[in-house]
Amino acid sequence: MKMFVKKGIAVLVSFSLFVGMLFVPTKRDTVSASDEKLVIVLDPGHGGKDGGTQNTHDGLTYVEKNINLSIARYCMAELQKYSNVEVYITRGDDYTANLEDRVKYAADRGANVFVSLHCNSNKKSSINGAEVYYPNQSLYPTIGTVGQGLSASIIGQITKLGIGNGGIHTRNSEDGEKYYTGEPSDYYSVIRGAKKHGFVGIIVEHGYLSNASDCAHYFQTEAQLRNFGVADAIGIAQYYGLAKTVYNGVDYSMVYDPYYYLSENPDLAAAFGADTERGLWHFVNFGMKEGRVACENFDPNYYKKNNPDLESAYGDDMGAYYNHFMNYGYTEGRKGCEDYKYIYRGVDYSAVFDPFYYLQRNPDLAAYYGSNRMASLEHFVIFGMKEGRQGCAGFNVFAYRDNNADVCAAYGDAIEGYYLHFINYGQYESRIASY
Ligand SMILES: [Zn+2]
């Protein structure tokens with residue numbers, strides 16, 4: 001299960017509703033600020049006086065703190081290629097930093113996720129392979145669940161490099177320490193600390209420096225360390241549904257869905273696999289001109305056929321239709337495709353919900369849902385309406401309330417009711433729903 005935990009409590013409360021717990025939120029710290037991004041804090045383990053584990057094989061000495069820092073730098077560089085992310089590093093160089101300060105640094109930056117990067121060691125030199133530690137189910141089960149999914153995604157990428165798969169694990173406190181709920185604490189300080197602050201903390205152990213083979217094959221060269229950093233980044237990006245939609249400074253997310261593009265164009269999938277960066281390169285340089293459809297909600301052929309003014313100007317220059325829609329057409333209210341109906345449990349939300357609009361307005365959700373529009377509808381129905389989020393250009397719930405005194409008298413502060421009133425009655429009565 002894929003989830004986006006923002007500042008812990010807001011989404012946790014939402015999710016506890018989702019799984020049916022009897023908890024009714026009154027007011028919560030919603031996450032609708034339009035500039036909000038997924039905040040990732042990378043934590044290169046050890047540093048300065050604390051070197052971590054250190055081993056020598058075949059005359060080469062492997063020092064954990066340095067390896068962790070290199071991997072983190074490569075990971076950071078890779079993550080910064082994605083849209084809607086902010087990446088921080090707890091120590092950007094070789095200095096000493098204690099564990100509490102690292103977690104506090106992450107909390108101060110509004111971290112959604114804290115990824116501590118390490119290498120392992122064992123007295124038995126034959127032990128090898130990568131492992132990831134994630135939060136247990138205590139205190140905030142959602143954090144455990146998110147951490148588990150994230151860890152699985154990361155180890156899936158790391159082990160593609162060929163290193164052994166030591167699995168993903170939780171580890172409970174071994175000295176009887178408990179959270180205030182009475183449930184067992186997490187063993188690792190950074191995982192426990194992150195959880196107390198309301199975000200996910202995991203520890204990636206990339207391999208064993210005590211194992212000569214792991215060192216020779218995975219920790220010996222900068223290129224090998226870069227492979228780990230990139231693998232970690234891809235694991236994080238895939239779990240959170242991050243995508244590369246910015247090319248030469250232009251954001252194509254309005255007309256281009258990286259996953260749709262590769263899945264709907266088998267020739268490209270065959271050529272590029274799951275490489276969304278190359279997919280975007282292809283789309284911008286070839287796909288647009290070829291009129292390839294790159295997302296569910298924009299079809300340049302439909303746009304051409306339904307806008308005769310543009311057709312006379314652009315003819316068969318398919319790229320021009322894309323550019324027109326991105327720069328003018330969408331804000332002019334021109335349709336980019338046939339109508340989609342958004343129906344959830346028998347209710348048609350199309351009058352108040354447009355997934356494209358919703359995801360554009362709420363980058364936190366875009367980071368979480370990627371291009372999954374039906375999942376974004378589910379979010380809108382279960383949480384978004386209660387939070388008063390605007391789901392489409394034509395319906396603003398607060399404008400609807402302020403302009404319709406009779407509806408306001410009936411629903412008061414029950415924001416959700418206004419949406420349903422508009423769906424069932426208001427849209428047919430031509431009631432005012434915007435400022
Ligand atoms: Zn370590």
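A residue is termed buried under 20% relative accessible area, exposed over 50% and partly exposed in between (1.4 Å probe, protein chains only). The model is predicted: local features need pLDDT of at least 70, side-chain atom pairs count only at pLDDT 80 or more, and totals for chains, interfaces and linings use all residues. Numbering starts from 1 along each chain as its sequence is written, and side-chain values use heavy atoms, with hydrogens and water left out.

His-118 is buried, at a relative accessible area of 13%. The zinc ion is coordinated by His-118 through ND1, by His-46 through NE2 and by Glu-64 through OE, at 2.1 to 2.2 Å. Donors are N, O and S atoms within 2.8 Å of the metal (3.2 Å for Na, K and Ca); water is not among the atoms, so sites may look incomplete. Along the chain, the donors of the zinc ion have the spacing H-x17-E-x53-H. His-46 lies in the loop between strand E1 (38-44) and strand E2 (54-57), and His-118 in strand E5 (residues 113-120), so the pair ties together parts 72 residues apart in sequence. Strands (E, at least two residues) and helices (H or I, at least four) are DSSP runs, numbered from the N terminus.

Ser-173 is located in the loop between strand E7 (165-169) and helix H5 (189-197). Ser-173 also counts as buried, at 16% relative accessibility. Its side chain makes a polar contact with the side chain of Asp-175 at 2.6 Å. Such a contact is a pair of N or O atoms within 3.5 Å; within protein, one must be able to donate a hydrogen and the other to accept it, and residues adjacent in sequence count only if both atoms are side-chain atoms.
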